[in-house]
Amino acid sequence: MLSRTLIFMFFLVTSSSLLQAEIIFKAAYENASQFPNYVGDTSEVLESKPGVAVELVKLLEDSIPNFKVKFFRLPWKQCLLQLKEGELDGIFNGSFSQQRLAVGTYPWKDGAVDSSRRLTTISYHFYRLKGSKFTWDGHHVSGLTGKIGTPVAFSIEADLKKMGLPILSARDIHANFSNLLRGKVDALALQDVTSDFHIQRKSGLKSIEKVFPPLKTKPYYLMLSRQFKNKHPELSEKIWDTIATLREERLQELTEGYY
């Protein structure tokens with residue numbers, strides 16, 4: 001009888017410990033600035049003012065019990081590879097593409113990605129040298145004699161290929177700007193939050209201008225690994241639900257703190 005009692009008590013203690021076990025959520029984002037979403041061209045995770053998206057993901061700790069986020073900064077291509085392998089639990093900011101369903105998971109509803117649970121929204125624009133003949137009317141480009149520069153492993157690569165446009169991908173935004181200034185490409189297709197920040201602050205980029213209208217506007221997500229989603233299905237939905245709430249309640253306030 002005593003042994004049964006001890007076994008039962010051991011079961012209760014063990015079950016309680018499992019329920020209270022802290023989950024360390026390994027999340028990564030790019031090691032290049034995407035102001036104001038993440039700040040600094042560095043692999044270091046900044047303690048102060050790391051970026052709006054970083055702060056928003058960090059706030060998950062306040063809403064989900066026994067949940068801690070450990071951040072990493074890597075080249076975006078490496079973020080995608082490590083998510084696919086399950087070495088990371090989540091990455092951001094990731095736009096949706098069919099190809100990335102082989103890499104990780106998105107919030108889903110009624111057979112499609114659920115944009116209401118996005119992390120943020122970002123627009124892509126073309127950028128050209130002032131005086132360039134390159135133009136964009138919202139449907140077609142003209143004045144293109146060479147290639148369009150893009151960031152490597154970004155979803156815009158596939159979008160431009162679908163449009164039949166030749167591309168030259170570069171490892172980061174600085175290499176893209178250099179390619180445009182040196183005439184290796186006719187224009188760039190870049191996220192405006194990042195590009196505008198650099199152009200406004202660096203005198204060597206004043207000859208570059210933004211082309212309107214936007215090339216594409218996309219919702220961006222906290223992507224989760226398939227391994228994490230399979231192991232923690234309810235928690236995964238809770239994470240995405242909480243991101244949606246935090247975005248509505250805190251995103252604007254956090255963003256204002258960076259300007």
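User: In strand 12, which residue is the bridge partner of Tyr 124?

Analyst: Tyr 124 has Lys 216 as its bridge partner there. This is a predicted model, in which local features need pLDDT of at least 70 and side-chain atom pairs count only at pLDDT 80 or more, while totals for chains, interfaces and linings use all residues. Residues are numbered from 1 along each chain as its sequence is written, and side-chain values use heavy atoms, with hydrogens and water left out.

User: How do I read the pairing of strand 6 and strand 12?

Analyst: Helices (H or I, at least four residues) and strands (E, at least two) are DSSP runs numbered from the N terminus, and two strands pair if DSSP finds at least two bridges between them. Strand 6 and strand 12 run antiparallel and are joined by nine bridges. Strand 6 also pairs with strand 11 in the antiparallel sense, over four bridges, with Tyr 127 opposite Leu 188.

User: In what order do the strands of the open sheet stand?

Analyst: Follow 2-1-3-12-6-11-9-10: eight strands, with mixed pairing. Strand 2 and strand 10 (167-170) are at the edges with a single partner strand each, so one side of each has no neighbour in the sheet. From one strand to the next, the twist averages 30 degrees. A parallel example is strand 9 (residues 148-151) with strand 10, over four bridges; here Ile 148 faces Ile 167.

User: Which strands does helix 6 lie across?

Analyst: Helix 6 lies across strands 6, 9, 10, 11 and 12, at about 155 degrees to strand 11. Such angles run from 0 to 180 degrees between N-to-C directions, using axes fitted to C-alpha atoms, for helices over the stretch in contact.

User: Why is helix 7 described as largely enclosed?

Analyst: Buried means under 20% relative accessible area, exposed over 50%, and partly exposed in between (1.4 Å probe, protein chains only). Seven of the 10 residues of helix 7 (residues 192-201) are buried, so the rest of the structure largely encloses this helix. Among the buried ones are Phe 197 and His 198. Its cover, judged by contact (heavy atoms within 4.5 Å), includes strand 6 (120-129), helix 6 (173-181), strand 11 (187-191) and strand 12 (208-224). Strand 6 is mostly covered too, with eight of its 10 residues buried.

User: Which residues touch the most other members of the largest nonpolar core?

Analyst: A nonpolar core is a set of buried Ala, Val, Leu, Ile, Met, Phe, Trp, Tyr and Cys residues joined through side-chain atoms within 4.5 Å. In the largest one, of 31 residues, they are Phe 25, Leu 60, Phe 92 and Ile 239. Helix 9 contributes the most to this core, seven residues.
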